[in-house]
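Hi,

Here is the structure I promised to pass on.

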Amino acid sequence: MKVSVALGRGLAEAAESVWAELHDGAALQVFLKGRGCDGVDAVRITLQVVGCGLAEAQRMFFAAPCRSDDLAFHHAVMEGLERAQTHST
């Protein structure tokens, strides 16, 4: 699901209360995932809500147990790219 700018603002505002109450990256990801916010959109909202850098937002995204499928997909893509690079040289 692609989060529109307006919807993203509303979702970010709602996510701020989750972050303010719990300060828990996994809980924040559960909240976002439950509202259909995945991938780059979830990382972008994490950046905004937590006020962290891109690397930390990505770590929060991939470290959350509810994002294990996303992490497995990421690893599979990276392995495929590495294999393709190895075979092309």
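Which residues does leucine 32 touch, not counting residues up to four places away in sequence? They are Leu11, Ala15, Cys37, Ala42, Ile45, Thr46 and Arg67, where a contact means heavy atoms within 4.5 Å.

Before the rest, some housekeeping. This is a predicted model, so local features need pLDDT of at least 70 and side-chain atom pairs count only at pLDDT 80 or more, while totals for chains, interfaces and linings use all residues. Residues are numbered from 1 along each chain as its sequence is written, and side-chain values use heavy atoms, with hydrogens and water left out.

**The core**

Leu32 turns up again in the largest nonpolar core, which has 18 residues. Such a core is a set of buried Ala, Val, Leu, Ile, Met, Phe, Trp, Tyr and Cys residues joined through side-chain atoms within 4.5 Å. Buried is under 20% relative accessible area, exposed is over 50%, and partly exposed is in between (1.4 Å probe, protein chains only). Ala15, Leu32 and Ile45 have the most contacts inside the core. At least two of its residues come from each of helix 1 (5-22), helix 2 (25-34), helix 3 and helix 4 (54-63). Helices here are DSSP runs (H or I, at least four residues), numbered from the N terminus.

**Helix 3 and its neighbour**

Helix 3 has 13 residues and reaches 18 Å from first to last C-alpha, close to the 18 Å expected; the expected span is 1.5 Å times one less than the number of residues. Its buried residues are Asp41, Ala42, Val43, Ile45, Thr46, Val49 and Val50.

Threonine 46 sits in this helix, at residues 39-51, and counts as buried because its relative accessibility is 0%. Leaving out residues up to four places away in sequence, threonine 46 touches Leu28, Gln29, Leu32, Gly51, Cys52, Ala57 and Met60.

Alanine 57, over in helix 4, is also at 0% relative accessibility and therefore buried. With the sequence neighbours up to four places away left out, alanine 57 touches Val43, Thr46, Leu47 and Cys52. Alanine 57 and valine 43 are 14 residues apart in sequence, yet 5.7 Å apart in space, C-alpha to C-alpha.

**Charged pairs**

There are 2 salt bridges, meaning a side-chain nitrogen of Lys or Arg within 4 Å of a carboxyl oxygen of Asp or Glu. In one, lysine 33 pairs with aspartate 38, with the closest N and O atoms 4.0 Å apart. Lysine 33 is partly exposed at 35%, and aspartate 38 is partly exposed at 28%.

Aspartate 38 also meets arginine 67 in a salt bridge (2.5 Å, N to O). That pair links distant parts of the chain, 29 residues apart: aspartate 38 is in the loop between helix 2 and helix 3, and arginine 67 is in the loop between helix 4 and helix 5 (68-88). Arginine 67 counts as buried, at 0% relative accessibility. Through shared partners, Lys33, Asp38 and Arg67 form one network.

**Rings**

I found 1 aromatic pair. Phenylalanine 61 and phenylalanine 62 have ring centres 5.1 Å apart and planes at 80°, so the pair is edge-to-face. The cut-offs are centres within 6.5 Å for rings of Phe, Tyr and Trp (its six-membered ring), with planes under 30 degrees apart stacked, over 60 edge-to-face and the rest tilted. Phenylalanine 61 is buried at 3% relative accessibility, whereas phenylalanine 62 is partly exposed at 25%.

Cheers
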